[in-house]
Amino acid sequence: MLGTRFYLYHYDKEGQMLWQKKSPGIVWAVNVAANGKLLVAAFSDSTLRWFKLEDGSELLALYPHIDQRRWVAWTPAGIYAASVGADTLLGWHVNNGPEQAADFFPVRCLRELYYQPQTLIQVLTENSVPQTEANDAGIAATLSEDKAVSPSKDEAIPTEDKAIPIPDTPKIFPPRVLLQMPKDGDNFSNPEIELKYQLRFHGEPSPADLYLMVYGRPWRTIKATEQADPASGQITVTLPQQEVEIALIAKNVHGVSPPEVALLDWKGKKPSRSVQPVLYVLSIGISDYTDETLGDLPFAREDAAMFTAMWKQQTKYYRKIKVKNLADSSYTEIMDSLAWLRQEVKPQDVVMVFFAGHSLQHQDTRKNSYFFLPANATPTSNTISTTMLIEAFSGIPSKVLLFMDTAYFNLLGVKSEELSSADIDGFANELSSPENGIIVFSSVVGTQSSQTGEGGHHGIFTTVLLEALSGKADHNGDRQLSLLEIGNYVSNRVSELTQGKQTPVLAIPETMTDFFTVGTVVNSLSLKAISMTEDQADGSAKSESTLPTSE
């Protein structure tokens with residue numbers, strides 16, 4: 001094997017060239033797999049790529065990000081898998097002619113068609129690209145030098161490098177939203193404003209629903225059937241009387257558009273008094289399963305009670321704190337509690353939901369990469385799917401933080417080829433996408449398993465989260481904890497305690513402010529201080545309370 005600036009060559013032992021392939025960049029290293037069927041090469045565009053040794057056809061590419069946390073892998077047909085937060089590193093650059101800027105569509109925009117992690121596993125195990133839904137739909141019919149998969153604009157590759165082309169697929173792209181009024185940076189003094197927009201289509205136009213997001217959360221939906229003109233229109237909306245970030249997103253049969261974002265500055269009369277948010281906490285811990293084959297998790301119920309107790313201490317930041325703790329709750333109880341949130345929560349409030357228990361994935365489904373198991377669930381019934389959670393959270397107008405400690409598939413009593421550990425990366429990416437706007441804090445990444453502390457009384461994730469709120473995450477010493485401060489501390493500390501076996505990850509929608517303050521340091525928090533709360537929750541199907549706080 002020989003790699004050069006422009007080509008990759010394969011020679012036999014007599015020196016005869018068997019094949020040559022154009023390179024996407026300078027070839028820095030090559031190696032042949034032990035099975036003698038695959039070639040792996042490292043390129044100057046920061047990718048590793050796998051080729052069939054037989055004919056040099058590319059099977060798979062991997063782009064590991066320099067932050068050592070994110071990665072994205074894909075086939076030449078665009079089928080991909082990505083770690084949490086990495087589904088924007090790869091996409092299609094689509095030209096709009098010499099007079100207009102090009103559009104960039106991250107792969108997440110076409111997630112329903114192209115996100116197929118199981119296919120990538122097949123590629124390497126079978127040394128071929130299997131037939132997929134995308135191929136069946138005619139998506140991979142032709143190759144074009146004009147459309148290429150490459151790192152996004154802020155991850156630009158050297159100018160002399162050239163990305164491997166992928167299928168010419170202009171007809172499958174969702175429309176691009178163009179916000180004509182107001183523009184980013186505009187002022188407004190009347191809370192009722194007019195939004196004017198256009199939709200730019202690539203290929204045949206297709207009707208699209210529009211989603212208006214405010215502070216990264218759903219504010220209003222305009223169905224395609226409500227629009228007089230499918231290519232342009234205007235919307236009258238009432239916005240909060242303060243600086244506000246809005247985003248407009250289009251979704252049709254082809255996918256979801258990138259968000260069109262505008263930050264608007266309020267110049268009207270300032271409200272006489274700012275209202276503190278109400279904190280809603282829904283904490284769910286499943287320790288005892290009615291299906292004995294699933295395997296119980298003794299610490300899950302206690303962790304849920306501990307999570308509730310943590311946030312009950314945040315009385316300085318929130319006007320009221322309303323908590324609901326569900327211990328060993330059924331499918332109906334959980335869904336009813338999610339409905340309670342939709343009915344009560346206001347846009348300025350904050351919602352925190354905690355899940356501790358079993359989760360899994362069915363091998364025959366791609367749309368739902370995650371199923372949570374309530375106390376009365378079996379592997380195939382009374383489960384709460386990705387789709388159900390998205391629908392439940394979409395009706396909540398406030399910021400929603402979902403904490404998940406459910407990666408205990410290794411402790412699941414049922415073993416079947418049809419079941420596997422939940423796709424945490426895919427689940428977190430889907431919920432934190434701009435159109436869904438959920439902040440996801442997962443106890444693990446990838447196929448990791450959640451670990452427990454000494455004695456198995458608590459999950460390490462929940463224990464370290466308690467440490468964070470006790471002040472250890474207060475990196476800048478201002479006695480206030482931002483979301484990123486908590487996320488960074490918990491991720492690093494859990495990874496340290498488990499020697500890298502478990503790495504929590506925080507997924508924040510790009511349309512949401514990164515440094516949203518979620519709490520204040522409470523020095524009195526400790527496992528001992530909340531033990532009474534756990535005892536009260538133990539054996540109780542449900543407990544509710546409302547804490548009045550400082551006005």
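Modeller: Contact means heavy atoms within 4.5 Å, and helices (H or I, at least four residues) and strands (E, at least two) are DSSP runs numbered from the N terminus. This is a predicted model, in which local features need pLDDT of at least 70, side-chain atom pairs count only at pLDDT 80 or more, and totals for chains, interfaces and linings use all residues. Residues are numbered from 1 along each chain as its sequence is written, and side-chain values use heavy atoms, with hydrogens and water left out.

Biologist: Which elements cover the buried residues of α6?

Modeller: Thr386, Leu389, Ile390, Ala392 and Phe393 of α6 are buried, that is, under 20% relative accessible area (1.4 Å probe, protein chains only). The cover of these buried residues includes β18 (217–222), α5 (331–344), β25 (350–356), β28 (384–385), β29 (399–405) and α7.

Biologist: At what angle do the axes of α6 and α7 cross?

Modeller: Axes are lines fitted to C-alpha atoms, for helices over the stretch in contact, and angles run from 0 to 180 degrees between N-to-C directions. The axes of α6 (residues 386–394) and α7 (residues 424–431) come within 11 Å, and their crossing angle is roughly 25°.

Biologist: Which residues make the contact between α6 and α7?

Modeller: From α6, Thr386, Leu389, Ile390 and Phe393 take part. Their partners in α7 are Phe427, Glu430 and Leu431.

Biologist: Which peptide bond is cis, with omega near 0°?

Modeller: Pro182 lies in the loop between β14 (176–181) and β15 (187–188). The cis bond runs from Met181 to Pro182.

Conventions. Buried < 20%, exposed > 50% of the residue type's maximum accessible area, 1.4 Å probe, protein only.
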